[in-house]
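Here are some notes for a colleague who is opening this structure for the first time. Please read them with the sequence and the model side by side.

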Amino acid sequence: MAEPRQLFNEVKLKIRARHMSYRTEKTYLDWIRRFIRFHDRRHPRTMGATEVEEFLTSLAVTRQVSASTQNQALAAVLFLYRDVLEIDLPWLSSVVRAKRPQRLPVVLTRAEVGRVLERMSGIEWLVASLLYGTGMRLGECVALRVKDIDLARGEILIRDAKGQKDRVTMLPDALVPHVRAQLARSRSMFERDRHEKRAGVTLPNALKRKYPDAATSWSWFWVFPSGSFCIDPYSQELARHHLY
């Protein structure tokens, strides 16, 4: 019987073999830990559909989580059993499902968005403006690489977006000079890193083995780099991450 640490390593390997995002990896691992702790740290192999139903029902009844949160937990636990432990669970018909809200979302008017942006400045203002003007998600925006922005064509290539798909969105003309200025600031940090022979940026999956120089190239540098370094979850080496 595998120890929890070994089990979590197996989950990581399965997720990375499917090229799922690091964000998904962290989310799945967190839900699997909660599932195991909910049942007094019993190993998942000793549990089955009944324990999964109890966990998911508790989320809806006791913790009163949203339907999307409960579905996220279900996806993580099913991935554990189906893809890692290779155990098929019978249909979970007894789970109390969290109710989806019937309310319509509140959408800010252009004037309200303008008032919000007026109270922001610097990188925060630029990120918020890009989110509003391009339709990007927050995680997609802060993870932009230099090569993903085409100022001449006014386009932004969003890589490995939701559903592991790439897509292209437009870059508003009004934001082009601000993005150009941000790229100049990033370039200064990039050149300082290279001059001081610091670590390169984090790279997805096994790209560092395929392109050894990519981590220290300008095209792969972050548009919004973090001011500090971290441990790359894939290579386990020091690297510069994007802004959080």
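1. R41 is exposed, with a relative accessible area of 61%, where exposed stands for over 50%, buried for under 20% and partly exposed for what lies in between, with a 1.4 Å probe and protein chains only. R41 sits in the loop between α2 and α3, and although R41 is not a glycine, its phi is positive, at about 65°. Most residues other than glycine have a negative phi.

2. The loop between α2 (22-38) and α3 (49-61) also holds D40, which is not a glycine either and has a positive phi of about 55°. D40 counts as exposed, at 68% relative accessibility.

3. A word on the basis of these notes: the model is predicted, so that local features need pLDDT of at least 70 and side-chain atom pairs count only at pLDDT 80 or more, while totals for chains, interfaces and linings use all residues. Residues are numbered from 1 along each chain as its sequence is written, and side-chain values use heavy atoms, with hydrogens and water left out.

4. How do helix α5 and helix α6 cross? The axes of α5 (residues 110-118) and α6 (residues 122-134) come within 10 Å and cross at roughly 165°, the axes being lines fitted to C-alpha atoms over the stretch in contact, with angles from 0 to 180 degrees between N-to-C directions. That makes α5 roughly antiparallel to α6, a term for angles over 145 degrees. Helices here are DSSP runs of H or I with at least four residues, and strands are runs of E with at least two.

5. On the α5 side, R110, V113 and L117 meet W125, A128, S129 and Y132 of α6, where contact means heavy atoms within 4.5 Å. By class, this contact of α5 with α6 has five nonpolar, one polar and one charged residues, with Ala, Val, Leu, Ile, Met, Phe, Trp, Tyr, Cys and Pro counted as nonpolar, Asp, Glu, Lys and Arg as charged, and the others, Gly among them, as polar.

6. Three strands form an open sheet in the order β1-β2-β3, with antiparallel pairing, and two strands pair if DSSP finds at least two bridges between them. Because β1 and β3 (167-170) stand at the edges with a single partner strand each, one side of each is left without a neighbour in the sheet. Strand β2 (residues 155-158) pairs with β3 over four bridges, and I158 stands opposite R167 in β3.

7. D150 lies in strand β1 (residues 149-150) and is partly exposed, with a relative accessible area of 28%.

Conventions:
Angles under 35 degrees count as roughly parallel, over 145 as roughly antiparallel, 65 to 115 as roughly perpendicular and the rest as oblique.
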